[in-house]
Amino acid sequence: MKPLWAPWRMEFIKGKKPAGCIFCDKPKENRDKENFILRKNRLSFVMMNIYPYNHAHLLISPYQHVNGVDLLPIETLTDMMESVQASVFALRQAFNPEGFNLGINMGKAAGAGIEDHVHIHIVPRWTGDINFMPLISEVKVMPEHLERTYDKLLSIFKK
Ligand SMILES: [Zn+2]
């Protein structure tokens with residue numbers, strides 16, 4: 001995997017983490033648009049990463065708060081893979097990526113940003129993909145850009 005240069009992630013890495021667990025709290029808030037939640041399955045949900053490694057970086061999380069796939073029932077893992085499939089389908093339709101990185105970072109040593117609640121990363125890839133991420137001067141992801149990406153993906157998820 002070619003490493004991605006994602007300086008806007010410093011805001012997340014150095015910033016104050018919200019109290020509680022975003023993967024437990026956000027789906028219960030019923031503010032899916034504000035929380036960039038694209039789809040709620042029975043046992044898992046799809047959310048955009050607002051500190052993305054790349055354009056349209058999605059996260060699949062179970063509702064169950066556990067720190068490893070070894071602690072999840074098969075039923076939940078199956079539901080998560082359904083969410084992965086729907087996400088890859090939507091990303092292909094919306095942005096026609098040339099590849100995808102799918103992965104789970106379990107534990108701090110493995111690079112997990114939120115290590116207490118397991119989640120799957122879906123990172124779409126393009127040749128020379130840094131060009132797809134519009135940046136402002138302070139190297140932050142533009143919120144309008146995240147919103148446009150959300151709306152485009154949501155219209156496909158709804159079909
Ligand atoms: Zn949680």
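Predicted model: local features only at pLDDT ≥ 70, side-chain atom pairs only at ≥ 80, totals over all residues.
**Entry: strand β3**

I looked up strand β3, residues 58-62, and found that five of its five residues are buried, so the strand is largely enclosed by the rest of the structure. I then checked which way the side chains go: Leu58, Ile60 and Pro62 point one way from β3, while Leu59 and Ser61 point the other way, and all are buried.

**Entry: the partners of β3**

On pairing, I found that β3 and strand β2 (residues 44-48) are joined in the antiparallel sense over five bridges. Within this pair, I noted that serine 61 of β3 is the bridge partner of phenylalanine 45, and that proline 62 in β3 stands opposite serine 44. I also followed β3 to strand β5 (residues 120-125), to which it runs antiparallel with three bridges, and there I found leucine 59 opposite histidine 121.

**Entry: the sheet and the chain as a whole**

Stepping back, I traced an open sheet of five strands in the order β1-β2-β3-β5-β4, with antiparallel pairing. I marked β1 (37-40) and β4 (99-103) as the edge strands, since each pairs on one side only, and I recorded a twist that averages 15° from one strand to the next. For the protein as a whole I listed four helices and five strands, which follow the pattern α-α-β-β-β-α-β-β-α when read along the sequence. I noted that 24% of the 159 residues count as buried, and that, among contacts between residues at least 6 apart in sequence, 65% join residues at least 24 apart.

**Entry: the nonpolar core**

I next looked up the largest nonpolar core, which has 18 residues, and those with the most contacts inside it are Val46, Met47, Leu58 and Ile60. At least two residues of this core come from each of β1, β2, β3, α3 (74-95), β5 and α4 (143-157). I kept in mind that in soluble globular proteins nonpolar side chains tend to be buried together. For isoleucine 60, leaving aside neighbours within four places in sequence, I listed contacts that include Val46, Met80, Val84, Ile120 and Ile122, and also Ser44.

**Entry: serine 44**

Leaving aside neighbours within four places in sequence, I found serine 44 in contact with Ile60, Ser61, Pro62, Tyr63, Thr76, Asp79, Met80 and Ser83. For one of these I looked up the spacing: serine 44 and threonine 76 are 32 residues apart in sequence, and 7.1 Å apart in space from C-alpha to C-alpha.

**Entry: two positive phi values**

Finally I turned to backbone angles, recalling that most residues other than glycine have a negative phi. Phenylalanine 36 has a positive phi near 60°; this residue lies in the loop between α2 (22-25) and β1, and I count phenylalanine 36 as buried because 21 other C-beta atoms are within 10 Å. Asparagine 96 has a positive phi of about 45° although it is not a glycine, and I placed asparagine 96 in the loop between α3 and β4. Here I wrote down that asparagine 96 is exposed, with 9 other C-beta atoms within 10 Å, given that a residue is exposed at 12 or fewer.

Methods. Residues numbered from 1 in each chain as written. Buried ≥ 20, exposed ≤ 12 C-beta atoms within 10 Å, placed from the backbone. Pairing = 2+ DSSP bridges. Axes fitted to C-alpha atoms, helices over the stretch in contact; angles between N-to-C directions. Contact = placed C-beta atoms within 7 Å. Core = buried A, V, L, I, M, F, W, Y, C linked by C-beta atoms within 7 Å.
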